[in-house]
Amino acid sequence: MIRISSFSKILFVAFLFVVPQAARAESQFADKRSEGQQKAFSQVPFTQVSIHDRFWSPRLENNALHTIPVCIDQIENQTGRMQNFERAGAGCGKHSGIFFDDSDVYKAIEGVAYSLMTNPDAQLEQKMDEWIAKIASAQQPDGYLNTYFTLEKPAERWTDMDKHEMYCGGHMLEAAIAYYQATGKDTLLNVSRRFIDHMMLRFGPAGEHWVPGHEEIELALCKLYNLTGERRYLDFAHWLLEERGHGYGKMAGRKWNPKYYQDIVPVRELQHITGHAVRAMYLFCGMADVASNVEGTGYMKALNSLWYDVTHRHMYVTGGIGVAYRSEGFSVPYDLPNKEAYCETCASIGMVLWNHRMNELCGDAKYADVLERSLYNGVLSGINLAGDRFFYVNPLESDGTHHRQEWYGCACCPSNVCRFIPSIGNYIYGTSRNALWVNLYVGSDVKCRVGRQDVWLEQETRMPWEGSVRLTFKSGMRGQLRLRVPAWSDGMTVCVNGRDVELEVDEHNYVVLKRRWRKGDVVEMKMQQSVFIIAADPHVKNNVGLRSIQRGPLVYCAEGIDNAAYDSISLSSETKFLPEEDAMLGGIVKLSCTEKEKSFTLIPYYAWDNREATPMRVWFPWTGGELKPKSDGWSTLKVEIMKKSRWIDVTPKSQQPSL
Ligand code: FUB
Ligand code: ZN
């Protein structure tokens, strides 16, 4: 039970509700029939969510103003990505760049599609239409579409499972669906479906074997199934997943490494994470999607074991994963060095995508907690505040020589950020038969259907700086309002229409408010944002004797530029933390800290390397002392060994899945 009290601060953010353009695009397809694991809720798609948020709106704007233009410039002018399509369409010329560069074009189109919902732009839409025409012209008569093979090795198509033909096809499909949903235009969708038909003619139970070396197509096929209701797409995704673990993997001229490609055992038998991090995340997304539509896959058991393994043994406090530079992947459990951390931005995006699906399936806030951790730390650090510089690698410590770049030879991260940031609307709300779920606290309006009712809810918040949220019903609703209780919330108060109400929190950490909601009803909640001192699992040898700091969903770091005595920063039970609003770095709550006579400043990790180049660290020497929780408002010092953030392995043995 939770204590209800009146709300101390009521926030107001002006907004303009944008009527989703894409609702019109969805009706021509049949209804799908789901037979798999019942979802706790289904996401409300970005087309039905209008964002107006002090933290996120500037990021969406920067994505439109800077990130998308950077991607367009790189794709059209600085690299030959668009020219590859032109040449493949003309049937002559050489391919330039890496063999999977087509995927960056598709990810940029997907990003534009999401962005058009909040930042309509006729010129940009026209440019995308032109790109799509060029892509369509590169499609071969048999439906095949990959500029590298068409221009360089037409006779060697489908001979090397590492060569990303299905990966690129998957990204094309995701872009096509997003663009169709955002604009109602189906040219790219039809091109993608022809390419999928081409694949399905060649591969499948009655055709050749194929193990996609880089997963992606599986989740994209499930999106296509969800859009069209055509079961064959789902079946193909399922078949591709089932191809793994039987020794079918092969490459041209090199030895296939099943560990790296998550191809050691059939996927339902996976228990421990291995190999390339981004591939693993996309694989798990595909497994979750298929499990939610097909009965008896056995995937949920595997996904639960994998989730436990990843989050308790292989995840950084920033929600980043994949420590190893060489493999871009996982190491042995608890091998989590800070300076040498790889933590590819795409892998953190993958964590968001996977944990979102797990939450949809299980309705358990622990998945949204990890999603939020990766989102606000691992993903956001991948882009600078202006939106025009990117990190590929996100270490937790730097000597001042690691900096964001405008682009990379392998540009998977910039293009992934370009599509991910504006898709944030997908992760906020969910609906089930009789409930509206609020999973992330982001200022927004949602218009959706709960059961047979049209529901409109407005959310106002100052997250991630303050844990206060105000929800206003703009329409009536009969049913539950389910509000996620974040793991970092150190006490929560809620009131409805200014009055205390008896509340329940379910076993998965959602507050359940049941009543007949009327237009104008207001729910106000306040989540206490304490400063947590975090100790790592003692197995993490790199963090022995160190502590890190978190407030709300944000992990904090120290940068040399703010701290003359950077090298001597340490923490103890005597350290005082004062959260203070500061206009620097786009507006943040910094932590002004005092430790004996020393003082130092911590900033959110995502904001580092946005000023002059200086060193940075997330973990600090701990000089000890008895740790006594205090409760004095903003300067609360609460000691946690990550048990609230569920990062360290403190789960009682009885609750751990057997591995
Ligand atoms: O191989 C395609 C992408 O490039 C991967 O997801 C990233 O890790 C990078 O290797
Ligand atoms: Zn990447």
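Which distance separates an oxygen atom of ligand 1 from an N or O atom in the side chain of Glu328?

Modeller: Happy to! This is a predicted model, where local features need pLDDT of at least 70, side-chain atom pairs count only at pLDDT 80 or more, and totals for chains, interfaces and linings use all residues. Residues are numbered from 1 along each chain as its sequence is written, chains are lettered from A and ligands numbered from 1 in the order written, and side-chain values use heavy atoms, leaving out hydrogens and water.

For Glu328 the distance is 2.6 Å. Ligand 1 also has an oxygen atom 2.7 Å from a polar side-chain atom of His214, and one 2.8 Å from a side-chain N or O atom of His276. The cut-off for a polar contact is a pair of N or O atoms within 3.5 Å. Taken alone, ligand 1 exposes 270 Å², and the protein buries 95% of that (Shrake-Rupley method, 1.4 Å probe).

The residues around ligand 1 (a heavy atom within 4 Å) also include Phe100, His164, Tyr167, Val278, Glu344, Tyr392, Cys410 and Cys412. This shell divides into 6 nonpolar, 3 polar and 2 charged residues, where Ala, Val, Leu, Ile, Met, Phe, Trp, Tyr, Cys and Pro count as nonpolar, Asp, Glu, Lys and Arg as charged, and the others, Gly among them, as polar.

Technical notes:
A polar contact is a pair of N or O atoms within 3.5 Å; within protein, one must be able to donate a hydrogen and the other to accept it, and residues adjacent in sequence count only if both atoms are side-chain atoms.
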